Amino acid sequence: MSSKPQSTRSGRQGKPSFFRKFFGNLCSCIQGAPTEDQNEKATIVSESRRPSQSPTPNTPRRLSRTIQSSDSDTHTHATGHAPVHVFESPTPARTSVSLESAFTPTNGSERDVNEDADLESNHVHFHEQPTEVNPPPEIPLPEVKRYGPEQYLLPPIAKEDEGKKCLILDLDETLVHSSFKYLEPADYVVSIEIDGLFHDVRVVKRPGVDLFLQKMGELFEIVVFTASLAKYADPVLNMLDNSQVVRHRLFREACCNYEGNFVKDLSQLGRNLEDAIILDNSPSSYIFHPSNAVPISSWFNDMHDMELLDLIPFLEQLSRVPDVSTVLNLQL
C-alpha cells in the first residue's frame, strides 16, 4: 500500500508537470533568460523577416553591403539579433544596350566605322572616293579629249548657250543613287561589264531631279562632271537626261588625282571661273575652287528629300550676278 504513493511521487519528481514547466518558463521570461521555445520562435521570425538573397528579375536590386559569416556570428553573439543585409533602392534594367555590345567591349567610334562600312558596301561608288591608304592599281582610262591650243576639257561654248553661266553637276549621290543590291522601286537598271562579267546596277533618281534639270537647262550651260567610269555614267545619263539639257559629259579620266582623291579642276574646263558653279556632295571634289561650289548633302534613299527643288530659286538668282564667287564666298 505504501509503495504506490512513493512511485507516483518519484515519477512526478522525475518529470515536471505542465504547471511547473509553465511556471518555470514564466519565471525565465521575467528574468530575461531565453528558453528553447523562444529561441525557436526568434529563429522563425528572423528567417521570415530576412530579405531574399536573389532578387526577382522584375525588380533588380544591388547589394551594397554584405556581412560575412564570421562577422555575422560576432554580430549575432554581441547583439543577440540576426544579421541584417542592407539593400539600395531597385535600379531599372537597361533595355537599350544590345547583347552584342554587352559582350563585345567596343567604343562608339568603332561601331560607327563598322556601320559606315556596311552602308558603303551597298552603294556603287566605282572608286569615286578611294578610302584605302594605298589605292589599288589604277584601271586603264581612255585618253582625255582636249580642245584648242590651251588643251581645255570643253569645246568653245555653243551659240545657244552664249551669255549663260556654266553649271557643273555631280552624278552619284547628287542626282541619283546606284547600287548592286536590289532596290525597290528602281528607276533604271544598267548592265555594266566588270572583269569580264556583267552586273546589273539599279539606279534611283533623287526627288525633283527631272524638274531641276529642266529649269537649270534654261538658265545655264549644263555639264555633268563625275568621277565614275564612262561605261556606267553614260547609259545612266542617256536615261536621266530626258530634256536633253546636258551639253557635255566628263568622267574619271578628266579628274585630277590629288592625295588619293579625284578632284575636278574647274580651271581646265575652258570657262571663266566667275561664271562657273559646281554642285557636288563631296567637298574633296572642289577642293581647288571652294568659292565656286554650292554644297549639297549626299542622297541615298530619302524619298522626302527636297534639296534639289529648294536650290532652284537660289541658282536662278545666282545666274544673274556678275561674279559667283562674291556670293558663294559668303556661304562658306
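**Figure 1. Salt bridge between R247 and D161 in the predicted model.** R247 is partly exposed, with a relative accessible area of 32%. The model shown here and in the other views is predicted. The side chain of R247 meets that of D161 in a salt bridge, with an N to O distance of 2.7 Å. The pair links distant parts of the chain, 86 residues apart: R247 belongs to strand β8 (residues 246–250), and D161 to the loop between α6 (108–120) and β3 (165–169). D161 has 1% relative accessibility and therefore counts as buried. A network of salt bridges links D161, K164 and R247. In the whole structure, the search finds ten salt bridges.

**Figure 2. Salt bridge between D170 and K264.** The closest N and O atoms of D170 and K264 are 3.0 Å apart, and the two residues form a salt bridge.

**Figure 3. Salt bridge between R271 and E221.** R271 and E221 meet through their side chains in a salt bridge of 2.9 Å, N to O. Distant parts of the chain are linked by this pair, with R271 in the loop between β10 and β11 and E221 in strand β7 (residues 220–225), 50 residues apart. R271 counts as buried because its relative accessibility is 15%, under the 20% limit. E221, at 1% relative accessibility, also counts as buried.

**Figure 4. Aromatic pair of Y258 and F288.** The count of aromatic pairs comes to one. Y258 and F288 form this pair, which is edge-to-face, with 5.3 Å centre to centre and 70° between the planes. Y258 is in strand β9 (residues 256–258), whereas F288 is in the loop between β11 (276–280) and β12 (293–295); the two residues are 30 residues apart, and the pair links distant parts of the chain. Y258 has 35% relative accessibility and counts as partly exposed. F288 counts as partly exposed as well, at 33% relative accessibility.

Figure 5. Nonpolar side chains tend to be buried together in soluble globular proteins. The largest nonpolar core holds 37 residues, of which L171, F212 and L240 touch the most other members. Leaving aside residues up to four places away in sequence, L171 touches V176, V224, T226, Y232, A233, V236, L237 and L240. A second core of 17 residues is separate and includes C166, F225, A227 and L269. Of the 332 residues in the chain, 31% are buried.

**Figure 6. Buried face of helix α7.** Helix α7 (residues 209–219) has V209, F212, L213, M216 and G217 as buried residues. Viewed down the axis of α7, the buried residues fall within an arc of 125°, so they line one face of the helix. These residues pack against β3, β6 (197–205), β7, α8 (230–240), β11 and α9. The chain has ten helices and twelve strands. Among its contacts between residues at least 6 apart in sequence, 66% join residues at least 24 apart.

Figure 7. Helix α9 has twelve residues (residues 307–318); at 1.5 Å a residue it should span 16 Å, which agrees with the 16 Å between its end C-alpha atoms. L308, L311, I312, L315 and L318 are the buried residues of α9. Down the axis of α9, the buried residues fall within an arc of 135°, so they line one face of the helix. An α-helix has 3.6 residues a turn, so residues three or four places apart point the same way. D310 and Q317 are exposed on the other side of α9.

Figure 8. D195 is not a glycine, yet its phi is positive, near 55°. D195 is found in the loop between β5 (188–194) and β6. At 76% relative accessibility, D195 counts as exposed. Q244, also a residue other than glycine, has a positive phi of about 55°. Q244 is placed in the loop between α8 and β8. Q244 has a relative accessible area of 56% and is exposed.

Methods
Residues are numbered from 1 along each chain as its sequence is written. This is a predicted model: local features need pLDDT of at least 70, side-chain atom pairs count only at pLDDT 80 or more; totals for chains, interfaces and linings use all residues. Side-chain values use heavy atoms; hydrogens and water are left out. Helices (H or I, at least four residues) and strands (E, at least two) are DSSP runs, numbered from the N terminus. The expected span of a helix is 1.5 Å times one less than its number of residues. Buried means under 20% relative accessible area, exposed over 50%, partly exposed in between (1.4 Å probe, protein chains only). The arc is that of the directions from the helix axis to the C-beta atoms. Rings of Phe, Tyr and Trp (its six-membered ring) pair if their centres lie within 6.5 Å; planes under 30 degrees apart count as stacked, over 60 as edge-to-face and the rest as tilted. A salt bridge is a side-chain nitrogen of Lys or Arg within 4 Å of a carboxyl oxygen of Asp or Glu. A nonpolar core is a set of buried Ala, Val, Leu, Ile, Met, Phe, Trp, Tyr and Cys residues joined through side-chain atoms within 4.5 Å. Contact means heavy atoms within 4.5 Å.
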